[in-house]
Amino acid sequence: MRSSTGKLLSGLRNRGKLVPGGGGDGFRIPATRSSSWSSTVVPPSDESSDKNSIDAGSSMRKPISLWPGMYHSPVTNALWEARRNMFENPNGDESLSKLTAKSPSRSRTSILYKFSSDFVLREQYRNPWNEIRTGKLVEDLDALAGTISFKHCGGDSSARSMILVTASVDRIIMKRPIRVDVDLSIVGAVTWVGRSSMEMQLQVIQSQDANDSSGSVALEANFTFVARDAKTGKSTPINPVSPETEHEKLLWKEAEERNKLRKQKRAEIKEEHEKLKDLERLNELLAEGRVFLDMPALADRNSILIKDTSHENSLICQPQQRNIHGRIFGGFLMRKAFELAFSNAYTFAGVSPRFLEVDRVDFIKPVDVGNFLRFKSRVLYTEANNSAEPLINIEVVAHVTSPELRSSEVSNRFYFTFSVRPEAMKDGLRIRNVVPATEEEARRVIERMDAERPISLR
């Protein structure tokens, strides 16, 4: 679904004050606190403390008109406070009526997680295995992307006439495990702009251990946002981006190439849907499924039907999960989908899975407050040839269901890839193959296998 402005979720407390940052127009939100946790947005280079920092844990404030529900997290509170300050203290020379090219550095934003010293913050991001809750981190990435897009498009009061929505998320790739006891930061900036769309690259930076201050990229993602006119709902032009450094120019070139590949991929998928003559692959996939259905006693004991890997949950979308336009945040949906996929992979493998990546996410249909939302997950296929790192590919489909209208529509499709730890494989763990039993399942498997391969290799 489309998510407006990412995860700029609210709270009635826990706020920091927006202050000038270091290089370019980067900005910093000093410590935002509730009890003892803090979440700080910092500029690329200036880490100095600021005397104007506000400890919002000691004050209360009535929500302003832009401040939706009560759902919040340490990071989204801080990001929302940044947006509030932009509206209340606009830049007089910036107006959406006049488009102005901006460098990526002007939208660059970084959030610091002080896990090593902040016990309460660490507890909010710790999972049962003393590792990071990836779903919450993904949620924060969406929130940061929303702030970056808003900042690039102006940040002044005229931005009220524009709606910024998440159009898609390219693959979220985990480059190495993320620790919950070592400080980390997530940083991002606008890298490419079309007429009414923009792409942002976001990275999770963390040092290898607590004694190493040098950070390296642990996770990388590309978010695409589009701008809509608040009155007409049609696309509206946004500020172009003007890369300055060689690195910024390289990122722009890579983003431009991804945009071309997305268009090419959409055309190829449409053509494949029209043709889909690969009956040999289809029948090959269905052959084992027919054995399960017709002769179950003779079926492969190392395989399982796709339908037998299904898990699902449902929820009513609450006002506390809404954004400023009354829609449910895309980051919230991504977190719920990830947690269901993780649970599915856990019960399928029999050991705690290791997250590897999220494939491209398209937001098809908005989700509103009060909607009945159903998440359905299944293991689509596995790759167990590499015994050191077998892959488990899971699909999660979100349906917006309207009981009164007796209707159900797909809002999102998520594709997650997990593996298991090498030590589990050394202990004799075996990952089973999954087998389609219907033509629809077989087609979905073929589509996903093809989607995982680069276009140039098809």
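Which residues does Tyr113 touch, not counting residues up to four places away in sequence? The points below start there.

1. Tyr113 touches Val75, Leu121, Tyr125, Leu137, Asp140, Asp183, Leu184, Ser185 and Ile186, where contact means heavy atoms within 4.5 Å. This is a predicted model, in which local features need pLDDT of at least 70 and side-chain atom pairs count only at pLDDT 80 or more, while totals for chains, interfaces and linings use all residues. Residues are numbered from 1 along each chain as its sequence is written, and side-chain values use heavy atoms, with hydrogens and water left out.

2. Tyr113 is also one of the residues with the most contacts inside the largest nonpolar core, along with Phe223 and Phe416; this core has 81 residues. A nonpolar core is a set of buried Ala, Val, Leu, Ile, Met, Phe, Trp, Tyr and Cys residues joined through side-chain atoms within 4.5 Å. Buried means under 20% relative accessible area, exposed over 50%, and partly exposed in between (1.4 Å probe, protein chains only). Helix H6 gives the most to this core, with eleven residues. Domain 1 (53-63 + 70-85 + 100-244) and domain 2 (274-452) both contribute residues, so the core lies between them; the domain bounds come from an automatic or database domain assignment. A second, separate core has six residues, among them Val291, Phe292, Ala299 and Ala437. In soluble globular proteins, nonpolar side chains tend to be buried together.

3. Helix H6 covers residues 330-349. Helices (H or I, at least four residues) and strands (E, at least two) are DSSP runs, numbered from the N terminus. The expected span of a helix is 1.5 Å times one less than its number of residues. For the 20 residues of H6 this gives 28 Å, and the end C-alpha atoms are 28 Å apart, which agrees. Of those 20 residues, 15 are buried. Gly350 follows H6 and has a positive phi, near 90 degrees.

4. Helix H3 (residues 134-152) passes the same check: its 19 residues should span 27 Å, and its end C-alpha atoms are 27 Å apart. All 19 of the 19 residues are buried, so H3 is largely enclosed by the rest of the structure. Just after H3, Gly154 takes a positive phi of about 140 degrees.

5. Met200 sits in strand E9 (residues 197-207) and counts as buried, at 0% relative accessibility. Leaving aside neighbours within four places in sequence, Met200 is in contact with Ala145, Ile148, Ser149, Ala189, Val190, Thr191, Ala221, Asn222, Phe223 and Phe225. Met200 and Trp252 are 52 residues apart in sequence, and their C-alpha atoms are 9.9 Å apart in space.

6. The axes of helix H5 (residues 279-294) and helix H8 (residues 439-452) come within 9 Å and cross at roughly 120 degrees. Axes are lines fitted to C-alpha atoms, for helices over the stretch in contact, and angles run from 0 to 180 degrees between N-to-C directions. On the H5 side, Arg281, Leu282, Leu285 and Leu286 meet Glu439, Ala442, Arg443, Val445, Ile446, Met449 and Asp450 of H8.

7. Two residues have a positive phi without being glycine. Asn130, with a phi of about 60 degrees, lies in the loop between helix H2 (119-125) and H3 and is exposed at 52% relative accessibility. Arg406, with a phi of about 55 degrees, lies in the loop between strand E16 (391-402) and strand E17 (407-419) and is exposed, with a relative accessible area of 80%.
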